[in-house]
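Below is a short briefing on one protein chain, arranged by topic. Please read it alongside the sequence and the coordinates.

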Amino acid sequence: MEFLIENASTIIISLVLVVVLALIARSEVKKRKAGKTSCGCGCGCAGCPSAGICHKAQPAEKK
């Protein structure tokens, strides 16, 4: 019990940081599932040099 009392501030700050990191990770997973890219430019992929990395070429459909 003495250990917890002596280190209460460190434990609380660590728990807060873990919660913040978990929320950030959850947000990134939700963005990825929604199809949003991580580059964050928001200006479209037409002029983006990394467009090939984010959006792989789609296979041609057979007619």
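Helix α2 covers residues 8–33, which is 26 residues. From the first C-alpha of α2 to the last, the distance is 38 Å, close to the 38 Å expected at 1.5 Å a residue. The model is predicted.

**Fold and surface**

- The protein chain contains three helices and zero strands, in the order α-α-α along the sequence.
- Of the 63 residues in the protein chain, 2% are buried, where buried means under 20% relative accessible area.
- The accessible surface of the protein chain is about 6100 Å². Carbon and sulfur atoms account for 65% of that surface.

**After helix α2**

**Nonpolar patch**

- A nonpolar patch on the surface is made up of Met1, Phe3, Leu4, Ile5, Ile11 and Leu15. Together these residues have about 690 Å² of accessible area.
- Two elements, α1 (2–6) and α2, each give two or more residues to the nonpolar patch. The most comes from α1, with three residues.
- Ile11, one of the patch residues, is placed in helix α2.
- Is Ile11 buried, partly exposed or exposed? Its relative accessible area is 32%, so Ile11 is partly exposed.

**Salt bridge**

- How many salt bridges does a search of the whole structure find? The search finds one.
- The salt bridge joins Lys31 and Glu28, with 3.8 Å between the closest N and O atoms. The cut-off for a salt bridge is within 4 Å, so the pair at 3.8 Å counts.
- Side chains of opposite charge can pair when their charged atoms come close.
- Both Lys31 and Glu28 belong to helix α2, and they are three residues apart, about one turn of the helix.
- An α-helix has 3.6 residues a turn, so residues three or four places apart point the same way.
- Lys31 has a relative accessibility of 38% and therefore counts as partly exposed. Glu28, at 39% relative accessibility, also counts as partly exposed.

**Helix α2 in brief**

- Helix α2 holds Ile11 from the nonpolar patch, and also both partners of the salt bridge, Lys31 and Glu28.

Definitions and conventions:
Residues are numbered from 1 along each chain as its sequence is written. This is a predicted model: local features need pLDDT of at least 70, side-chain atom pairs count only at pLDDT 80 or more; totals for chains, interfaces and linings use all residues. Side-chain values use heavy atoms; hydrogens and water are left out. Helices (H or I, at least four residues) and strands (E, at least two) are DSSP runs, numbered from the N terminus. Buried means under 20% relative accessible area, exposed over 50%, partly exposed in between (1.4 Å probe, protein chains only). Accessible areas come from the Shrake-Rupley method with a 1.4 Å probe; for residues, only the protein chains shown count as cover. The expected span of a helix is 1.5 Å times one less than its number of residues. Patches are made of residues with over 30% relative accessible area and no salt bridge: like charges are joined within 9 Å, nonpolar side chains (Val, Leu, Ile, Met, Phe, Trp, Tyr) within 5 Å. A salt bridge is a side-chain nitrogen of Lys or Arg within 4 Å of a carboxyl oxygen of Asp or Glu.
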